[in-house]
Amino acid sequence: MELIKTRRSIRKYKETPVPDDYTVKILEAGRWAPSGEDAQPWRFIVIKDRKKIETLGKLAGAGSARRFRAEFLTRKLFDRLPIPDEEKRKRVYRKLITGEVSLFMKDAPLLIVVVGRRDCWDAVYDVSAAIQNILLQVHAMGLGACWLVAPVIDVRDEMKVKELLKIPEEYTVDAILAVGYPAESPKPRPRLPLSEIVFYEEFGEKWPILLEKTS
Ligand SMILES: Cc1cc2nc3c(=O)[nH]c(=O)nc-3n(C[C@H](O)[C@H](O)[C@H](O)COP(=O)(O)O)c2cc1C
């Protein structure tokens, strides 16, 4: 529980490279995830080449910029992320709209590109389970990581990643994990209390035992 609760998304890294034997252990954790029908549809591409990391990082920045700019222009961002304080709102929105929010990926010493076989029913769930195993193993080893979809959420960017890394048509690029030694210690992002997310016997019914504990 301590490992789970102290894991954070890390977006600033020291320049120290991640030793290869650590990377192997991290991927070993991914390999042991459960998968629908035991299909094991995940494939992992280890990227250490600085030029490739830079290219992928820029794609991540551009992907976020496109997505948040669209939300800003259609005013959805104001509904989804209302920030009453004007100065803070400008600061946060600028970071989102410029794509700076995901550009940090270009400075990671290591990327793990996670792809899934298209022909497996439950591939996205399987791949997600593998990623969570990886994130916990990363944290257990004193490293930090961030799970990113920004560079692949747009199919046009996914195509670019596939071309760059020679990923065959039968695979989807589901995520890129940026990994490195943490150069920041972010505060935990607040989680919804159990009393708000757990129901008893039917949806919407509070479970009194949780109300007593958390209200
Ligand atoms: C499916 C998924 C996609 C994510 N994509 C991004 C991303 O593109 N860029 C990013 O900076 N963080 C991304 N994250 C990290 C989340 O922002 C982060 O997990 C969340 O804010 C909670 O913070 P924590 O991981 O430190 O607990 C993603 C996380 C998940 C699970």
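Analyst: Two residues are taken to be in contact if their C-beta atoms, placed from the backbone, lie within 7 Å. Please keep in mind that this is a predicted model.

User: Which residues of α7 are buried, and what do they pack against?

Analyst: The buried residues of α7 are A123, D126, V127, A130, I131, I134, L135, Q137 and V138, and they pack against α2 as well as β1, β2, β3 and β4. The helix α7 has 18 residues and spans 26 Å from its first C-alpha to its last, close to the 26 Å expected at 1.5 Å a residue. Just after α7, G142 has a positive phi of about 80°.

User: You mentioned α2; which of its residues are buried and which exposed?

Analyst: In α2, T23, I26 and G30 are buried, while D21, V24, E28 and R31, on the other side of the helix, are exposed. Seen down the axis of α2, the buried residues fall within an arc of 60°, so they line one face of the helix. What covers them includes β1, β2 and α7.

User: Why would that spacing put them on one face?

Analyst: An α-helix has 3.6 residues a turn, so residues three or four places apart point the same way.

User: Changing topic, where does L164 lie, and what is it in contact with?

Analyst: L164 lies in helix α8 (residues 155-165) and, leaving aside neighbours within four places in sequence, is in contact with K52 and T55. The C-alpha atoms of L164 and K52 are separated by 8.0 Å, although these residues are 112 residues apart along the chain.

User: Why is L164 classed as partly exposed?

Analyst: L164 is partly exposed because 14 other C-beta atoms lie within 10 Å, whereas a buried residue needs 20 or more and an exposed one has 12 or fewer.

User: Last one: how far apart are the centres of the two domains?

Analyst: The domain assignment gives domain 1 (2-180) and domain 2 (188-215), and their C-alpha centres lie 30 Å apart.

Notes. Residues are numbered from 1 along each chain as its sequence is written. This is a predicted model: local features need pLDDT of at least 70, side-chain atom pairs count only at pLDDT 80 or more; totals for chains, interfaces and linings use all residues. Helices (H or I, at least four residues) and strands (E, at least two) are DSSP runs, numbered from the N terminus. The arc is that of the directions from the helix axis to the C-beta atoms. The expected span of a helix is 1.5 Å times one less than its number of residues. Domain bounds come from an automatic or database domain assignment.
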